[in-house]
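Here is a short briefing on one protein model and its ligand. Keep the sequence and the structure open as you read.

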Amino acid sequence: MRRFSIVRLRPVPLPAPRLPPPNLRFSTSTPRQLMPTSGLTETQLTARDAITQLCSRFPPSYWRARDQTEEDPSDFHAALARDGWLGIALPESLGGAGLGISEATIMMQTIAESGAGMAGAQAVHANVYATQPLARFGTAAQLADTIPGIIKGRWRVCFGVTEPNSGLDTLRLSTVAVKQPDGGYSVTGQKIWITCAQVAAKMILLARTTPLEEITKPSEGLSLFCINLDRAHPGLELRRIKKMGGRAVDANEVFFDGYRIPADALIGAEGQGFKIILHGMNAERCLLAGEALGLGYAALRRAAAYARERRVFGRPIGQNQGVAHPLADAYMALEAARLATYHAARLYDQSSRVEGPGGGVGPDHQVGVACNTAKYLAAEAAFKACERAVLTLGGMGYAVEYDVERYFRECLVPRIAPVSREMILNYIGEKVLELPRSY
Ligand SMILES: Cc1cc2nc3c(=O)[nH]c(=O)nc-3n(C[C@H](O)[C@H](O)[C@H](O)COP(=O)(O)OP(=O)(O)OC[C@H]3O[C@@H](n4cnc5c(N)ncnc54)[C@H](O)[C@@H]3O)c2cc1C
């Protein structure tokens with residue numbers, strides 16, 4: 001029986017960083033992160049430094065406690081809103097920072113990497129990406145009514161796509177929005193896994209406006225709406241789902257039964273919702289890739305610190321190659337995924353600039369391939385890093401206090417959502433390798 005106390009094993013703070021010479025120093029934040037920052041622009045470094053500082057007010061102990069109590073991190077959301085970060089990728093004319101998905105991905109990575117993990121990222125995730133199709137395809141009045149309030153943190157946002165009966169086969173979703181004589185719609189159906197629905201005031205909702213039997217193209221007949229979530233309305237019910245990780249943020253079943261929404265909730269043209277949402281989906285893949293990377297780097301940093309300190313058989317465990325090599329392997333996997341992620345985000349930003357606001361709705365093939373590839377690689381790299389972190393800490397990897405078990409529970413999310421690894425492999429097989437579709 002091993003005898004040691006958790007207190008004795010508490011990892012010591014990481015050693016004081018060795019700063020590079022001033023001419024090679026780009027980032028003003030303490031270089032505690034494992035990730036090299038040499039490829040980042042000045043703006044991106046500034047964003048990363050500022051987010052790192054903000055997140056230092058919400059240390060891992062904050063997220064550990066929230067994970068246990070399942071209490072929403074509303075003060076963290078408010079802090080980001082107060083400093084203007086929720087509008088990072090929204091137009092300046094609406095109060096945003098006018099930056100791109102590259103910078104937003106850096107922000108999400110930095111949040112996850114701070115120890116906030118997926119929970120911290122998911123607390124603001126939909127505010128950042130679900131607003132992209134709205135900003136791009138919404139009318140001037142819609143934008144003026146919604147975006148500033150979202151950026152200021154007055155309203156939180158959730159994204160309502162997944163349904164229990166259609167799953168990843170989004171084109172077969174069955175929640176209907178039926179046109180009413182007054183021009184508005186009546187929504188009936190069920191959504192599932194909707195993150196932050198308990199605290200959100202707005203939902204970006206994908207619903208069917210033309211029955212499946214009446215459409216000629218599978219990608220048509222769905223429409224996108226920005227709706228208010230009026231919990232006092234009898235036609236709306238939320239049920240929280242108990243889940244494995246990221247417990248600080250809620251996930252929900254959402255039931256609509258004759259829930260009325262006004263005509264001006266519609267985003268873009270009726271029946272074009274799926275094409276419009278693809279725009280936001282590529283952005284979401286980049287953000288999620290960034291979040292996975294952040295989680296992976298956080299786990300690896302924890303594991304390396306522990307491996308340097310923990311002595312067994314008279315030497316640090318990290319001196320054993322059986323411990324060191326998997327960590328080095330995990331680092332390189334994260335680095336490769338990082339390059340793929342910021343390449344994808346750059347392509348996404350470039351394509352947005354070419355099309356311009358209100359531009360074409362067709363997904364750019366290259367962008368889609370890059371964003372899916374990035375999400376896949378980052379999710380796998382994060383899984384590898386988090387698993388190795390738990391194993392490196394041995395029994396302590398299983399203790400809540402060391403955080404890596406939390407990261408490990410959370411690192412499964414990027415593998416599943418918003419699109420599973422299997423569906424990305426299907427996509428690459430079909431769209432890049434031109435193999436026959438398997439389903
Ligand atoms: C923590 C969390 C938060 C989420 N937040 C949101 C949210 O805010 N909004 C939202 O709309 N959704 C959200 N989701 C839902 C998420 O996007 C879905 O869970 C995901 O898209 C998978 O859908 P599904 O669960 O219905 O899986 P299913 O479609 O039931 O698939 C189950 C399994 O079968 C595999 N599979 C299915 N078809 C094929 C095929 N043809 N070939 C190979 N494999 C296949 C899948 O890869 C998967 O492994 C969230 C999910 C989680 C876990």
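Which residues are buried in helix α4 (residues 74-82)? They are F76, H77, L80 and A81. Note that this is a predicted model. The protein has 14 helices and 10 strands. Of its 439 residues, 47% count as buried.

**Helix α4**
- Seen down the axis of α4, the buried residues fall within an arc of 140°, so they line one face of the helix.
- The face turned away from that buried side carries the exposed residues D75 and R82.
- Cover for the buried residues of α4 includes α2 and α5.

**Helix α2**
- Helix α2 covers residues 42-55, 14 residues in total.
- From first C-alpha to last, α2 reaches 20 Å, close to the 20 Å expected at 1.5 Å a residue.
- The buried residues of α2 are Q44, A47, R48, I51 and C55.
- Viewed down the axis of α2, these buried residues fall within an arc of 100°, so they line one face of the helix.
- What covers them includes α5 (101-122).

**The loop residue A123**
- A123 sits in the loop between α5 and α6 (125-129).
- Is A123 buried or exposed? A123 is buried, because 25 other C-beta atoms lie within 10 Å, and 20 or more is the cut-off for that class.
- Leaving aside residues up to four places away in sequence, A123 touches P73, F76, H77 and V249.
- A123 and D72 are 51 residues apart in sequence, yet their C-alpha atoms are 8.0 Å apart in space.

**Contacts across the chain**
- Take the contacts between residues at least 6 apart in sequence: 75% of them join residues at least 24 apart.

**The ligand shell**
- How many residues surround the ligand? The count is 22, and the closest are G167, W193, S420, E422 and Y439.
- The elements that give two or more residues to this shell are β1 (157-160), β3 (185-195), α13 (413-416) and α14 (421-431).
- By class, the shell holds 14 nonpolar, 7 polar and 1 charged residues.
- Domain 2 (156-267) and domain 3 (273-431) each supply at least three residues to the shell.

Notes: Residues numbered from 1 in each chain as written. Predicted model: local features only at pLDDT ≥ 70, side-chain atom pairs only at ≥ 80, totals over all residues. Near = placed C-beta within 6 Å. Helix = DSSP H or I, 4+ residues; strand = E, 2+ residues; numbered from the N terminus. Nonpolar A, V, L, I, M, F, W, Y, C, P; charged D, E, K, R; others polar. Domains from an automatic or database assignment. Expected span 1.5 Å × (residues − 1). Buried ≥ 20, exposed ≤ 12 C-beta atoms within 10 Å, placed from the backbone. Arc of directions from axis to C-beta. Contact = placed C-beta atoms within 7 Å.
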